[in-house]
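Look at the sequence and the model shown here before reading on. The briefing below goes through the chains, the sheets and the helix contacts in turn.

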There are 2 protein chains.
Amino acid sequence: MSCHKLLQTAMRERGFRMTRQRRLVLDAMHKFRHPATAAEILHSVCASDPRADITTVYRTLNFLEGFGLISAYGAGNASRRFEHNGGDGSPHLICRQCGKTSEIAQTGFKNAVANAGRTNGYDVQLSSVVIPGLCPACQRKRTKNKS
Amino acid sequence: MSCHKLLQTAMRERGFRMTRQRRLVLDAMHKFRHPATAAEILHSVCASDPRADITTVYRTLNFLEGFGLISAYGAGNASRRFEHNGGDGSPHLICRQCGKTSEIAQTGFKNAVANAGRTNGYDVQLSSVVIPGLCPACQRKRTKNKS
DNA sequence: CTCCTTATTGCAATATATTGCAATAAGGAG
DNA sequence: CTCCTTATTGCAATATATTGCAATAAGGAG
């Protein structure tokens, strides 16, 4: 893949190495349309390399995040989720209980975020905006447990 | 404490109970000026009740967050931190570089968040909304470093 | 290609956080 | 106050994420 070659060059220039595992994690992330958990990514990587290890997945994800290639979302109880950058750049809602994410498509919301950032002088990346909440399913569970 | 009594009433109305442990956790959080980790809060609670358990601290913190009394900040690799709400329940901008926070006062933004949540069926706690970005100072630093 | 340096991996140990479930206790009813 | 329902607790087990370190392999030098 040409994109891997370009990336490899960029990494080398900074003293990093493009390894088989990093390629596999990147490939796996391209397959997911929604932010994925480390476990999901591991599962996908295992299809190509059964020896893949969760430790390496976590380290690779943290590395790629620092390198600016992916974004990480954390919310409450849910596991962290990772998403490949460069897509639509839409903000998301994330359930702090089960980790389910939903894209926020409303232009009004995007404008409000941009405006809030501008007003306070902050440079905000819309794609990294994650609003924590409780998804419909988890709201029902909570109500049920209470009764 | 009168504030505990008021809170107790509010909880009862929703079918929850004001317990010794919840009181202790709330008291502990009032002592911290900066967001505290669960371990720090446990340590503080243990001063009053050596039998306190980290499980209960976590559950209480999550409960209080859902109740809107405290906010939880998940910051990348670091442990989550919890902070007592000033009562306003405003969303914040947070600098991903230096951690500086700024309150988002605009009603338009709050409405947009509420609307995005409602449209997707999510129950969103406005006080736990944190928008990551780069504060003005860090934007200047970044420009300087780049050259 | 072979040799060499050292970034990266994979395992095991550890840290951080949540869940299942029996025991406890909050608080309403009498 | 006593009785009763059930929310909450505390323990143990489990899930999620990171760290230490020896083994491996990326990739530059010859």
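## Chain A in outline

Of the 147 residues in chain A, 41% are buried, where buried means under 20% relative accessible area, exposed over 50% and partly exposed in between (1.4 Å probe, protein chains only). This is a predicted model, in which local features need pLDDT of at least 70, side-chain atom pairs count only at pLDDT 80 or more, and totals for chains, interfaces and linings use all residues. Residues are numbered from 1 along each chain as its sequence is written, chains are lettered from A and ligands numbered from 1 in the order in which they are written, and side-chain values use heavy atoms, with hydrogens and water left out.

- Chain A contains six helices and six strands; helices (H or I, at least four residues) and strands (E, at least two) are DSSP runs, numbered from the N terminus.
- Read from the N terminus, the elements of chain A follow the order α-α-β-α-α-β-β-β-β-α-β-α.
- Among contacts in chain A with a separation of 6 or more, 42% are between residues 24 or more positions apart; contact means heavy atoms within 4.5 Å.

## The sheet β1-β3-β2 of chain A

- Three strands of chain A form an open sheet in the order β1-β3-β2, with antiparallel pairing; two strands pair if DSSP finds at least two bridges between them.
- At the edges of this sheet are β1 and β2 of chain A, each of which pairs on one side only.
- Helix α2 (residues 20–31) of chain A packs on the sheet and touches β2 and β3 of chain A, its direction making about 85° with that of β3(A). Axes are lines fitted to C-alpha atoms, for helices over the stretch in contact, and angles run from 0 to 180 degrees between N-to-C directions.
- Two bridges link strand β1 (residues 36–37) of chain A to strand β3 (residues 81–84) of chain A in the antiparallel sense.
- Strand β2 (residues 70–73) of chain A is joined to β3(A) by four bridges, and these two strands also run antiparallel.
- Which residue in β3(A) is the bridge partner of A:Thr37? The partner is A:Arg81, and A:Arg81 is the bridge partner of A:Tyr73 as well.
- In a regular strand, side chains alternate between the two faces of the sheet.

## The sheet β5-β4-β6 of chain A

- Another open sheet has three strands of chain A in the order β5-β4-β6, with mixed pairing.
- Its edge strands are β5 (101–103) and β6 (130–133) of chain A; each has a single partner strand, so one side of each has no neighbour in the sheet.
- From one strand to the next, the twist averages 25°.
- Strand β4 (residues 92–95) of chain A runs antiparallel to β5(A), with three bridges between them.
- A:Leu93 is opposite A:Ser102 of β5(A).
- Helix α5 (residues 107–120) of chain B lies across β4, β5 and β6 of chain A and runs at about 65° to β4(A).

- A:Thr60 lies in helix α4 (residues 54–66) of chain A, and its 5% relative accessibility makes it buried.
- Apart from neighbours within four places in sequence, A:Thr60 is in contact with A:Arg22 and A:Val25.
- A:Thr56 is also in helix α4 of chain A.
- A:Thr56 and A:Val25 are 31 residues apart in sequence, and their C-alpha atoms are 9.5 Å apart in space.

- Helix α2 (residues 20–31) and helix α3 (residues 38–48) of chain B have axes that come within 9 Å and cross at roughly 120°.
- This angle makes α2(B) oblique to α3(B), since angles under 35 degrees count as roughly parallel, over 145 as roughly antiparallel, 65 to 115 as roughly perpendicular and the rest as oblique.
- The crossing of α2(B) and α3(B) is right-handed: a crossing is left-handed if the near helix is turned anticlockwise from the far one by less than a right angle, and right-handed if clockwise.
- The axes of α3(B) and helix α4 (residues 54–66) of chain B come within 10 Å and cross at roughly 115°, which means that α3(B) is roughly perpendicular to α4(B).
- The contact involves B:Ala38, B:Ala39, B:Ile41 and B:Leu42 of α3(B), with B:Ile54, B:Val57, B:Tyr58 and B:Leu61 of α4(B).
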